[in-house]
Every structure is written in structure tokens, then in C-alpha cells.
Number of protein chains: 2
Amino acid sequence: MTQATLPGLTLCNNAMLRRATRKLGQFYDDVLAPSGLKATQQGLLYQIHIGDEPAMGAIAAALVMDLSALGHTLKPLIRDGYVETFADPDDRRIKRVRLTPQGLIKLDEAMKLWRVAQQRFEDMVGREQAARLRAALDDIAALDLDMPPAAT
Amino acid sequence: MTQATLPGLTLCNNAMLRRATRKLGQFYDDVLAPSGLKATQQGLLYQIHIGDEPAMGAIAAALVMDLSALGHTLKPLIRDGYVETFADPDDRRIKRVRLTPQGLIKLDEAMKLWRVAQQRFEDMVGREQAARLRAALDDIAALDLDMPPAAT
DNA sequence: TTCTGATAGCGGCATATGCCACTAAATTCA
DNA sequence: TGAATTTAGTGGCATATGCCGCTATCAGAA
């Protein structure tokens, strides 16, 4: 087995990112569990909250998320009455999103738990280190990784 | 709208991690597309390859992934004939995994593309910076984030 | 004004991931 | 040895995410 000399997947930026995301996601999810929300849902509610009745496209862009994926993710939140949508009167293609009163209450509840998770995590890795990490991740999300289509 | 003063979700370590993962995942997926594999699948095939017919539990542990999630993710790869499983003769609870010959060929093909993606990414953020990032992500994956059950 | 192209979302399909309940197999203990 | 416990996976259910093709709208050109 020559495999013994092959480098681990520790070298793959993408694999490491996914792995860390699984780990941290489980942690935040655990802490948020009492609220009944997943960390992704809490984050989405928050993103909607800090926006001014944002359009779906705007939310998707902010989260670097596929528009249809956002639509799917929104469904359980709409079903559970935390979020509602309405067509923009000036452009009926645009669907805007806002929290319902219950959604706002639920978000407050979840934010309390989020602070706990956030704090506990930063106690482990250090506030500075966490900030550096977030900055690096922000840079990645902002990268222009257009596929050079091997053209010309 | 007092929201204007609220901090963006840029402060959430978990949200930033997920966002960067979506971004990078799309990029690696795009580059890997000609192979027909997603980046997650390529990573999984590689992990299996570098192991010595690893048990599912061992793979899941290495990837910090839920065991049943691994089982689900493995299904398309088995269906497509890239991977096969077999019971460990010494402990029939354990199911070991290995690549099929076609799986090995497909992995080789995907690895070529992976190198392209990896290279292009590191050209953008810098080799050093990428290495630092991976190290930070590795630390996170290794964290002991057990929920203190608020117990005695 | 009508035809054409660009935008914003939706719905279907597929993979990624997790949790929970359940089964099978091995281990421990009385 | 036989019951209780632990370990390894499975299957079902639910969310997370993406891609593709389709529809409704809007904007700009003829």
C-alpha cells in the first residue's frame, strides 16, 4: 500500500472548509436546539431582520447562496409562520421577505442562544483568532473565482 | 428601522464558515464538473483511497461526519460503481469500504481537475495564506466542543 | 406598440448532512 | 453461559444547497 505516503485530504482547502463547517455547524445547532431552529435558520432570520424587507435575490447575494436554494430553505420558516413574503408593488417579479411577529420573537430567543455558542467558541479559539478567521472567510466569499473557460 | 445599526452576520463564525464553504464548494464543483464528480465525492473517494480499506466509522471520524450521513453520501458512489463495501471478517458489525478499479480511474481523473482548482485558488489567496487557513480549520475540526450540559 | 432579451422566482430532481429509532454483532459482567 | 451494555450501520424523515428548465415580468429596440 503506497497510500501510506499520500498526503491526507488536509491539503484540500475545500475539504477542510467543509469539515470545519460540519463541526461548527453541529456545535451551533446543538446550542440553538432549544429554540427549535437550526443555525442556518437563525442566520437566515437574522439576515432578513437586518435587511429592509429584502428581496430574495438580495438575500441570496448577501449569503452567497443560490436563489432557488434560498427559496427551499425559506419554506420551512414560512410554513412555521416565522417569515412571510409579498410581491414588490413596483416590480412584481420581485418577492420581498419579512419576519412575522412570531418570527421576531423566535429570532430573539435564538439570538440569546447564539450568543452562548459564539462566546463559547471564541473562548476556545480566542477572540482575535476568531476575528482573523472570519476575515479570511469573508475574503473567500468575496473572491472572483469565475471559471476562465479556457477560452482563446 | 433601527436595523441599520445592527451588526451584519459577518460576526457569526458559523455563518461565515458556511458562506465561504458555499462559495468555494461551487468553485471546486465547477472545476470538477467534467469528471462528473462533486467535490465532496472526490474528497470521499480520496479519503477511502488513502485508507487501508477503512471502516465506515473510521471514514466518518476522519471527516468529522455523521456516520449515517456518510452512508447516504456513499450510496451514489456505490450505485455508480466507484466504491464497494464488504463486511470485516473479524467483526461483522464493521463494514469496510474500498474503491473499485473504475473508482480508482475516476479518482485519478478527478484529482487532475482538483489540482487545477486547488492551484487556481491558491494563486488567488496565496499559498501561505491558504496553508494558514487550512491549519485554522483543522484546529476547529479538532476542537472539543462538548456541550457542557449545565450539569453539576 | 410589439417583439426580444434580461430578470426574479419556482418546481423538480439530486446530492449533502444530521438526528432518531432499530437491528445485528461483539463485549462485559454476574 | 446468559443477560445487559456497547458498538457499527441502516432506513426514514427533514433540512441545506445546487442545477436546469419554465414562467411571469420588466425593459429596451424596432
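Modeller: Gladly! Let's start with Glu53(A), which lies in the loop between helix H2 (39-50) and helix H3 (56-62) of chain A. Helices (H or I, at least four residues) and strands (E, at least two) are DSSP runs, numbered from the N terminus. This is a predicted model, in which local features need pLDDT of at least 70, side-chain atom pairs count only at pLDDT 80 or more, and totals for chains, interfaces and linings use all residues. Residues are numbered from 1 along each chain as its sequence is written, chains are lettered from A and ligands numbered from 1 in the order in which they are written, and side-chain values use heavy atoms, with hydrogens and water left out.

Biologist: What is the phi of Glu53(A)?

Modeller: The phi of Glu53(A) is near 45°, a positive value in a residue other than glycine. Most residues other than glycine have a negative phi. Glu53(B) also has a phi near 45°, and its place is in the loop between helix H2 (39-50) and helix H3 (56-62) of chain B.

Biologist: Why does Glu53(A) count as partly exposed?

Modeller: The cut-offs are these: buried means under 20% relative accessible area, exposed over 50%, and partly exposed in between (1.4 Å probe, protein chains only). Glu53(A) has 30% relative accessibility, so it counts as partly exposed. Glu53(B), at 31%, counts as partly exposed too.

Biologist: What makes Gln42(A) buried?

Modeller: Its relative accessibility is 5%, so Gln42(A) counts as buried. Gln42(A) lies in helix H2 of chain A. Not counting residues up to four places away in sequence, it touches Leu32(A), Leu37(A), Leu107(A), Ala110(A), Met111(A) and Trp114(A), where contact means heavy atoms within 4.5 Å. Gln42(A) and Trp114(A) are 72 residues apart along the chain, yet their C-alpha atoms are separated by 8.3 Å.

Biologist: Which parts of the chain do Glu84(A) and Arg98(A) link?

Modeller: Their side chains meet in a salt bridge (2.9 Å, N to O). This pair links distant parts of the chain: Glu84(A) is in strand E1 (residues 83-88) and Arg98(A) in strand E2 (residues 91-99) of chain A, 14 residues apart.

Biologist: Why are Glu109(B) and Lys106(B) said to be about one helical turn apart?

Modeller: They are 3 residues apart in helix H5 (residues 101-125) of chain B, which means a separation of about one helical turn. Glu109(B) is partly exposed at 31%, while Lys106(B) is buried at 14%. Elsewhere, salt bridges that share partners join Glu53(A), Glu84(A) and Arg98(A) into one network.

Biologist: How do chains A and B relate to each other?

Modeller: Chain B can be laid on chain A with an RMSD of 0.0 Å by a turn of 180° and a shift of 0.0 Å along the axis. That is the relation of a two-fold axis. The copies are superposed by least squares on the C-alpha atoms of residues with pLDDT of at least 70 in both.

Biologist: And how do you know that the copies meet through the same surface?

Modeller: 100% of the interface residues of chain B are also interface residues in chain A, so the surface is the same.

Notes
Salt bridge = Lys/Arg side-chain N within 4 Å of Asp/Glu carboxyl O.
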